[in-house]
Amino acid sequence: MKSKILIVDDVKENVDILNQYFSAKGFQTVLAYGGMQAVDKAERECPDVILLDIMMPDMDGFRVCEILKKERTHFKNIPIILVTAKEDIESKVKGLSLGAEDYVTKPFDIQELEARVRSALHLKKALDELKELNELKNQFLGMASHDIKSPVSRIEKTVEAILKNKASLQPEHLEQIEKIKEEAQGIFNLISDLLNVVKIETGKMGLELEKVALDKLVEEVFRMNQMAAEAKKIAIDVQIDKEVPKILADPARLLEVLENLLTNAIKFTPLGKKITIHLKKVKGGIELSISDEGVGIPKNELSRLFDRFARLSPQPTQGEKGTGLGLSICKQIVDLHKGKIDVQSEVSKGTTFTVFLPS
Ligand SMILES: Nc1ncnc2c1ncn2[C@@H]1O[C@H](COP(=O)(O)OP(=O)(O)OP(=O)(O)O)[C@@H](O)[C@H]1O
Ligand SMILES: [Mg+2]
């Protein structure tokens, strides 16, 4: 199949020269005589590579680059080669930092340009293959996680049914069955996290928006974690200000955020300390903070905190489990709500996570 090349220049003669050359070399050419037309043609024709002039009256090549690479991210894999009379270093740096792959200055040697176009096409092919592999991985991960989720949840239910009749169990059996329950819960949580990651990666984490009273969610997450906190003799102080407005949000997803922040606070806080949850109204929305008196996070690790599978130095104080997916999912959910999540932390003193959600 012919490779498709989009040639963009406001000077018709320049377009003609490149058109003739690349057509003769067996390329399928698409032509644009300005920045706006370039964006439009990229959208409609989905080229394999773009030759882009910088100085154009309607919209310059930098802006085209920005739109194609940063704003409409489905174009991210189409290599852009800037072709321009601008020779200064700043322009080159600017073009590349906006996402262009390569840079050729006029007057150029057309054979050199062809060689650069061919190397850009190799890059495109490799990126497309990677994208396909990533999609395959997501499909597999989604399917496998989904198939594991049901049997694990059946194990949990069966174990719960057995535990309802505690009196009939030998103490050592009771302990073993409690252990099975705990492990099954661990697998269930991991699988739920993986399914969330797949949903986020494939852009399928939609929000089911409704008017949500955050104080109800805070109370729910408090109830869900009360036992785990009591087991570590950690007191949870819940402060809910008056007149916190309801917000438009997805309650199930927000509950996941609160659940992860509170389980983290419990996991990374030693016995006998305190956790404070504070919900308040702020300008433009509401703010929820969860503060602990736990182990804290070193400053140089904070930038990786919201990365997937971040292996950071803070360890749970009682050997509790985790996979390192929780905070990356929290951040994505908060982003989907157009909110903000921040952290402040001091080693050996404690950590505060703050979530802002617009109203
Ligand atoms: N409140 C906290 N205090 C200290 N360290 C924390 C706190 N919250 C998170 N961390 C650090 O950030 C890491 C990432 O947190 P995250 O919630 O993403 O993963 P996790 O809790 O280890 O596993 P998961 O949430 O997937 O079960 C944690 O492993 C820990 O090192
Ligand atoms: Mg966590």
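Okay, let's start at the ligand: an oxygen atom of ligand 1 sits 3.3 Å from an N or O atom in the side chain of D193. I'm calling that a polar contact, meaning a pair of N or O atoms within 3.5 Å; within protein, one must be able to donate a hydrogen and the other to accept it, and residues adjacent in sequence count only if both atoms are side-chain atoms.

Quick housekeeping: this is a predicted model, where local features need pLDDT of at least 70, side-chain atom pairs count only at pLDDT 80 or more, and totals for chains, interfaces and linings use all residues. Residues are numbered from 1 along each chain as its sequence is written, chains are lettered from A and ligands numbered from 1 in the order in which they are written, and side-chain values use heavy atoms, with hydrogens and water left out.

Back to the ligand. D292 puts a polar side-chain atom 2.9 Å from a nitrogen atom of ligand 1, while G326 uses a backbone N or O atom, 3.1 Å from a ligand oxygen. Taken alone, ligand 1 exposes 600 Å², and the protein buries 92% of that (accessible areas by the Shrake-Rupley method, 1.4 Å probe; for residues, only the protein chains shown count as cover). How many residues surround ligand 1? There are 20, with N264, K267, D292, G324 and L327 the closest; a residue counts as near if one of its heavy atoms lies within 4 Å.

Now the domains. The assignment, which is automatic or from a database, gives domain 1 (4–108), domain 2 (135–201) and domain 3 (210–358). Nine residues from domain 2 and nine from domain 3 make the contact, meaning heavy atoms within 4.5 Å.

Together, domains 2 and 3 bury about 810 Å², 59% of it on carbon and sulfur atoms; that's the accessible area (1.4 Å probe) the two parts lose on being put together, summed over both. Across that interface the rule finds two salt bridges, each a side-chain nitrogen of Lys or Arg within 4 Å of a carboxyl oxygen of Asp or Glu. And E201 forms a salt bridge with R308, closest N and O atoms 2.7 Å apart.
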